[in-house]
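Would you like to go through a two-chain model by question and answer? Have the viewer open and check each step as we go.

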Amino acid sequence: MTDVSPTTTPEPLVSVRGLKKRFGGREILHGLDFDLPAGRVYGLVGHNGAGKTTTLNAILGLTSYQGTVRVLGLEPFRHRPRLMRDVAFIADVASLPRFLYVRDLMKLLARIHPHFSAGRAEAFLKGTDVRLGQKIGNLSKGMLAQLHLAVVMAIEARLLVLDEPTLGLDITFRKRFYQRLIEDYMSRERTLVITTHQVDEIEPLLTDIMFMRDGRLILDSPMAEVGRRFTQLIVTPERATEAAAFRPVFDETHFGRRVMVFDSVDASQLAALGEIGTPTLSDLFVALMQPPRENAGGAAA
Amino acid sequence: MIAFLALIRREYLEHRTAFLYAPLILLAVLALFVASTLLTHRVTVLIEAVPGSPGRFYSVAYFVVATLWWFYAAMLLFFYFADAYHADARNNAMLFWKSMPQSDFKILLSKLAAGVTIFPGLVFCIALLSGLLLVVAALALPLVVPTLAMPDVSTLLASWGGLSVVFFCYLVIVLLWYVPFFAWVGALSTLVGRWAIPLALLIPVGISLFEGIIDFQTAPGGSYVLSFLRARTDMRYDSEPILAALLASGPVDVGHTLQRLVAYVDWPQTIGGVAFAVIVVYLASLYRRRVIKG
């Protein structure tokens, strides 16, 4: 039987083994295995339909699944209400109840959520354009995002999950959103999981990166490791065949320049073949998200 | 319990327009109607329809107004249950409420609790104010119709109080009796949204038709389901005590009237209905637990 009290051991906050999910007979997640330890900032990146949201929904207890998922020692689908005391999430910034005034929302949440502090939320709101007397339905999308962020930051949660939290926001709001999140919220006890398509914007925040493709985790690595593990090579045409022998995970020609990305290949060996560098996260994303036939090697998770 | 009360308050905040502001506007309209009736002497037509003292006129008027408020409450509650149970999905707020440490069952139960307590309670309060408005009107009657004797204020207030207690108890009994129907509409709404409005009726009718196809001969009236529903929608309460209280020249005998009202309630059916309501809400919560759209 599942233990209903959260674990206090140094186990990972989230432990996933063999996670599968089917929709209408079609398998969407094909047996994911990963752990999320405390004090990390994870980026979960993938194309639309890759299975990111379904994975997060399984972690948050919003959907049933096959396999073993433990979040803070609890089975999420079975114990979602208990779990939500220590887990906060934003799945859609437009999901705040629009009929409420901001002040009413604070008062309600103070009674509904045992780990929510209305005072802390109001303090977070002081630096924003959101006022307590405003009706939520009248707020702009950027203000809604600020309010929702203030709400989740006022919850003493150990795991915060943000699924496309800045979708539809302009770049100013997006930058402010992430800045406040890291400066005002992150701590060693907390883990943050972010999914987004704007990979470049969250790259400086991340401690770990996970890439998903077609329901599979194709990369799960600390950011520091990514730089050591992957090498980008702009190869001269005469050395291309030689470089291809190292089995690049990505090989494409851009404006007449042949670009290859290698996984776990000694950079000193590649240096002789052309110009080497570290791929940015977005370059790596493009490289690894190509259909398998275009990837000569393929990154191991 | 604090969280549950907060969830009920959330229902109030979401639906106060229908159950507080709109009735207050209607009360203002009623006040204008009463004032215009008095000022234009049209009230004499009404007095002829209800001959007797201003006290008796008051009782009948209060009864009519209270009955209209009960109809208003019943109609709004039907639409409340058809709307509130899928409001989170429709308003795109489902995921926000699911991020709260409250179960789907508790959230749906809070909607049921709000639907049978604060909302009819608010309409009852407006009905009370209507009764007081009519007290003022009854006091003004002799000024408009000099042939009428000036009623005693304390008698009118005693009548208002007595009738209000009877109306309140009647409201509680009616709510207990009809709560399974409200819960049925709410549970359907969780599944199919606003289509719950026609389906709440079409499903039992469809079952009855099917039942008639396979066993028309033995079922009473051609359908066990329809026969049961016919019996279940009829409260079979004794209307005589309320009417007797209205027509009595003296103050309302609250104790006796309530005794007669309560004696006619089919308590096993009432308790069974409440249990049915809780069960269908629980089943609806099992469905909602799997819903993440919205």
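This is a predicted model: local features need pLDDT of at least 70, side-chain atom pairs count only at pLDDT 80 or more; totals for chains, interfaces and linings use all residues.

Student: What is the radius of gyration of chain A, and what does the globule rule give for 301 residues?

Tutor: The two values are close, so chain A is as compact as a globular protein of that length. Of its 301 residues, 45% count as buried.

Student: Among contacts in chain B between residues at least 6 apart in sequence, what percentage join residues at least 24 apart?

Tutor: For chain A, the share of such contacts that join residues at least 24 apart is 70%. In chain B, where buried residues make up 33% of the 294 residues, the corresponding share is 81%.

Student: Into which domains is chain A divided?

Tutor: The C-alpha centres of the two domains lie 34 Å apart. Their contact takes eight residues from domain 1 of chain A and seven from domain 2 of chain A. On the domain 1 side, helix 7 (199-202) and strand 8 (208-213) of chain A each give two or more residues, with the largest share, three residues, from strand 8. The division is domain 1 (14-214) and domain 2 (225-294).

Student: In the largest nonpolar core, which residues touch the most other members?

Tutor: This core holds 154 residues, and its largest share, 17 residues, comes from helix 8 (residues 153-192) of chain B. Domain 1 and domain 2 of chain A both give residues to the core, so it lies between them. Leaving out residues up to four places away in sequence, one of the two residues asked for touches L13(A), V14(A), I59(A), P76(A), L83(A), V87(A) and L159(A). The residues that touch the most other members are V71(A) and L147(A).

Student: Now the contact between the chains: which element gives the largest share of the side of chain B that touches chain A?

Tutor: The contact takes 21 residues from chain B and 25 from chain A. On the side of chain B, the elements giving two or more residues are helix 1 (2-39) and helix 5 of chain B. Eight residues make up the largest share, and they come from helix 1 of chain B.

Student: Where is the kink in helix 1 of chain B centred?

Tutor: The kink is about 75°. The buried residues of this helix, among them L7(B), F19(B) and L30(B), pack against helix 3 (102-112) of chain A as well as helices 3, 4, 6 and 7 of chain B. Just after helix 1, H41(B) takes a positive phi of about 65°. The kink is centred on H15(B).

Student: Is K98(B) buried or exposed?

Tutor: K98(B) sits in helix 5 (residues 94-98) of chain B. Its C-alpha atom is separated by 9.9 Å from that of V291(B), 193 residues apart along the chain. A residue counts as buried with 20 or more other C-beta atoms within 10 Å. K98(B) has 27 such atoms, so it is buried.

Student: One last helix: at which residue does helix 9 of chain B bend?

Tutor: Helix 9 (residues 196-214) of chain B reaches 26 Å from its first C-alpha to its last, close to the expected 27 Å. Its buried residues, A196(B), A200(B) and S208(B), pack against helix 3 (54-84), helix 8 and helix 10 (224-233) of chain B. The bend is about 25°, and a proline, P204(B), follows within four residues. Helix 9 of chain B bends at L202(B).

Conventions
Residues are numbered from 1 along each chain as its sequence is written. Chains are lettered from A and ligands numbered from 1 in the order in which they are written. A nonpolar core is a set of buried Ala, Val, Leu, Ile, Met, Phe, Trp, Tyr and Cys residues joined through C-beta atoms within 7 Å. A residue is buried if 20 or more other C-beta atoms lie within 10 Å of its own, exposed if 12 or fewer, and partly exposed in between; C-beta atoms are placed from the backbone. Domain bounds come from an automatic or database domain assignment. The expected span of a helix is 1.5 Å times one less than its number of residues. The bend at a residue is the angle between axes fitted to the seven residues ending there and the seven starting there. The radius of gyration is taken over C-alpha atoms; the globule rule is 2.2 Å times the number of residues to the power 0.38.
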